[in-house]
Amino acid sequence: MQKQIIVLIGGPGTGKSTLINELVARGYCCYPEISRQVTLEAQQRGIDQLFLEQPLLFSEMLLEGRIKQYEDALEEPDNVVFIDRGIPDVVAYMDYIGDDYPEHFVKACEDFKYTKTFILPPWEEIYECDTERYENFEQALTIQKHLVETYKKYGYELIEVPKDTVDNRILYILDKI
């Protein structure tokens with residue numbers, strides 16, 4: 001079986017991390033979303049929201065971390081690796097806030113390609129704000145639009161995961177791979 005690096009994408013609060021956690025519980029190799037880790041480390045240094053205060057630095061750190069996740073996934077003994085958010089997410093978020101970014105952001109999107117891309121739709125009933133998620137639901141909808149546009153721009157076919165129970169969402173994804 002050929003290596004499959006599968007990315008789960010979607011705006012904030014769509015259930016990506018919940019699905020990743022369930023996939024881990026079922027024995028699948030998964031890499032978590034790294035933006036929370038970057039945000040928490042910045043908060044420990046006294047920067048409340050690094051993405052809002054220094055978006056390019058935050059995005060550079062995310063890009064570096066997501067490239068490392070991709071490269072690490074290639075080395076995994078498992079034939080299937082799931083990743084919570086991908087490299088094009090960095091570009092989508094920079095476009096969302098309207099900031100410029102260096103050409104190597106674009107090159108990374110072109111050079112590192114995921115096997116399959118599952119997109120989770122906005123779901124107001126499960127949406128929650130917390131200390132790392134500052135966006136309201138309306139902003140989450142706009143971010144979703146940027147994610148769809150960005151991934152399509154880089155040639156991805158997006159497979160939408162239906163709103164359903166965690167178990168049924170997992171079964172849907174596994175059936176598609």
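1. Let's start with how α4 and α5 cross: the crossing is right-handed. In this convention a crossing is right-handed if the near helix is turned clockwise from the far one by less than a right angle, and left-handed if anticlockwise. Helix α4 covers residues 55-75 and helix α5 covers residues 87-97, and the two pack at an angle of about 165 degrees with their axes 8 Å apart. Axes here are lines fitted to C-alpha atoms, for helices over the stretch in contact, and angles run from 0 to 180 degrees between N-to-C directions. Therefore α4 and α5 are roughly antiparallel to each other. For orientation words, angles under 35 degrees count as roughly parallel, over 145 as roughly antiparallel, 65 to 115 as roughly perpendicular, and the rest as oblique.

2. A word on where this comes from: the model is predicted, local features need pLDDT of at least 70, side-chain atom pairs count only at pLDDT 80 or more, and totals for chains, interfaces and linings use all residues. Residues are numbered from 1 along each chain as its sequence is written, and side-chain values use heavy atoms, with hydrogens and water left out. Helices (H or I, at least four residues) and strands (E, at least two) are DSSP runs, numbered from the N terminus.

3. Which residues in α4 and α5 meet? From α4 they are Pro-55, Leu-56, Ser-59, Leu-62, Leu-63, Arg-66, Ile-67 and Tyr-70, and from α5 they are Ile-87, Asp-89, Val-90, Met-94 and Ile-97. Contact means heavy atoms within 4.5 Å. By class, the contact of α4 with α5 has 10 nonpolar residues, 1 polar and 2 charged. Here Ala, Val, Leu, Ile, Met, Phe, Trp, Tyr, Cys and Pro count as nonpolar, Asp, Glu, Lys and Arg as charged, and the others, Gly among them, as polar.

4. Now look at α2 and α4, whose axes come within 10 Å and cross at roughly 135 degrees. Therefore α2 and α4 are oblique to each other. The crossing of α2 with α4 is right-handed. Ser-35, Val-38 and Thr-39 of α2 make this contact with Phe-58, Met-61, Leu-62 and Arg-66 of α4. The residues of the contact of α2 with α4 comprise 4 nonpolar, 2 polar and 1 charged.

5. Arg-66 deserves a stop of its own. Buried means under 20% relative accessible area, exposed over 50%, and partly exposed in between (1.4 Å probe, protein chains only). Not counting residues up to four places away in sequence, Arg-66 touches Glu-33, Ile-34, Ser-35, Arg-85, Gly-86, Ile-87, Asp-89 and Val-90.

6. Glu-33 sits in the loop between β2 (29-31) and α2 (35-44), and is buried with a relative accessible area of 13%. With residues up to four places away in sequence left out, Glu-33 touches Arg-66, Asp-84 and Arg-85. Arg-85 lies in the loop between β3 (80-84) and α5, and counts as buried at 5% relative accessibility. Although Arg-85 is not a glycine, it has a positive phi of about 80 degrees. Most residues other than glycine have a negative phi.

7. Phe-112 is in the loop between α6 (103-111) and β4 (116-119), and counts as buried at 18% relative accessibility. Leaving aside neighbours within four places in sequence, Phe-112 is in contact with Ile-67, Tyr-70, Glu-71, Ile-87 and Tyr-156. From Phe-112 to Ile-67 it is 45 residues in sequence, but 7.6 Å in space, C-alpha to C-alpha.

8. How do α1 and α8 cross? Helix α1 (residues 16-25) and helix α8 (residues 166-176) have axes that come within 10 Å and cross at roughly 75 degrees. That makes α1 roughly perpendicular to α8. Thr-18, Leu-19, Glu-22 and Leu-23 in α1 meet Val-166, Arg-169, Ile-170, Ile-173 and Leu-174 in α8. The contact of α1 with α8 has 6 nonpolar, 1 polar and 2 charged residues.

9. Finally, how many disulfides does the structure hold? The number is 0, where a disulfide is a pair of cysteine sulfur atoms within 2.5 Å. The sulfur of Cys-29 is 6.6 Å from the closest cysteine sulfur, in Cys-30, which is too far for a bond. Cys-29 is buried, with a relative accessible area of 11%, and Cys-30 is buried too, at 14%.
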